[in-house]
Amino acid sequence: MPKVTLTNLRKSYGRNEVVHGVSLTIEHGEFIVLLGPSGCGKSTLLRMVAGLEGITAGEIAIGPTVVNKLEPRERGCAMVFQNYALYPHMTVRQNIGYSLKVAGMSRAERTVKVEEVAGTLGLSDFLDRKPSQLSGGQRQRVAMGRAMIREPKIFLYDEPLSNLDAQLRVAMRVEIRKLHQRLGTTTLFVTHDQVEAMTLADRIVIMNKGNIEQVGKPAEVYHRPATTYVARFIGNPGMNLLPAVADPGTGIVRLADGQVLAYDKSRWRDIAPGEITVGFRAEVARLAPGGFSARYDFAEELGSAQLLHGTVAGKSVTVQSVGNTGLRPGDPLPFAIAPHELHLFAASGQRFAEQGRVETPARSFTPAPAPTYLPVA
Ligand SMILES: Nc1ncnc2c1ncn2[C@@H]1O[C@H](COP(=O)(O)OP(=O)(O)OP(=O)(O)O)[C@@H](O)[C@H]1O
């Protein structure tokens, strides 16, 4: 499986530049997710790799070959679209086998290959149905089968799960991940859904207005967001971000309402005194009387926990709690945050530099005690 190298890739429509010089290497066999809000240029980037859009400047290489001038079919990519793009008058068998037929493969050979791919995707019982007789998830599997049968060097997915209901999306996510484990095909997957990105990707590329904001493993972008944009975009809810004034001498930050938070002074480098943004995740705040305090607004029930929404220094904050708090709107919402859980960003939105190597926090894991069995009498 080849690697894909994008070098300083630009795209303009008329005078409007929508991709501003993107460079990215997708390693051999890697699953990369392009993530960003609507209009950030992720589909354009994918379509440029596929050859469906021309490029304005820069270079795309698949393996050692620069493919800028190659036709889509010469690039070895197979694309799966959001709307499936199946032929409605053809059966599942014909849809999956169509590219082999066009390539002149015999009927007998085609039958073997189509049945093999259909088996992999759990479609064996539907081969003689038309797309209109299938569920959304089954149609999407046919679309994947059509891509797979060409044995592409690269899979390109453009929001393939957007038209599916929530449960089916989760099921298809698992199938796509398993398929990737089995085939190891280099994959570029576009989505605006950060949960999809976190669960599927080897590495996530977070895009903002035609630029790459951060590239990293899911845990990296979650635990060490490079900018406030990433901090807000990744995680559900996104990171709490509050404007503050830093005092690097004492290692505290002061919010607009005068409340202070202490950060880990030994960790952060080059914190200039003055305005910064301080961030923390909802799940690291502990409800604690006498701690830092917000005004309680309302709660969201998640089943396993509650998200408590409040206001501090005129900004919204969200903290997680387990169990019923009995709080009423307007009550104080007191909580504490350990200094090492705070993230510090410059006024520009860039994360401040940290000392040495900072590991992604490891979750402690305590094995369950071995079960004890009563002797059978
Ligand atoms: N054919 C076109 N002509 C002019 N502008 C275009 C064209 N295609 C896309 N754009 C613009 O390029 C920008 C990037 O579009 P793109 O479709 O890549 O975004 P996206 O991140 O994939 O968004 P979405 O999730 O909504 O598909 C947008 O501002 C869009 O309006």
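Is V190 buried or exposed? In this predicted model, local features are described at pLDDT of at least 70 and side-chain atom pairs at pLDDT 80 or more, whereas totals for chains, interfaces and linings use all residues. Residue numbers start from 1 along each chain as its sequence is written.

V190 is buried, because 26 other C-beta atoms lie within 10 Å, the term requiring 20 or more such atoms within 10 Å, with C-beta atoms placed from the backbone, as against 12 or fewer for an exposed residue and a number in between for a partly exposed one. The residue belongs to strand β8 (residues 186-191), strands being DSSP runs of E of at least two residues and helices runs of H or I of at least four, numbered from the N terminus. Among the residues that V190 touches, beyond those up to four places away in sequence, are L34, K42, S43 and Y157, contact meaning that C-beta atoms placed from the backbone lie within 7 Å.

Elsewhere, R93, I96, G97, L100 and K101 of α2 meet R110, K113, V114, V117 and A118 of α3. Helices α2 (residues 92-102) and α3 (residues 107-120) pack at an angle of about 130°, with axes 10 Å apart, the axes being lines fitted to C-alpha atoms over the stretch in contact and the angles running from 0 to 180 degrees between N-to-C directions.

Note on methods: Contact = placed C-beta atoms within 7 Å.
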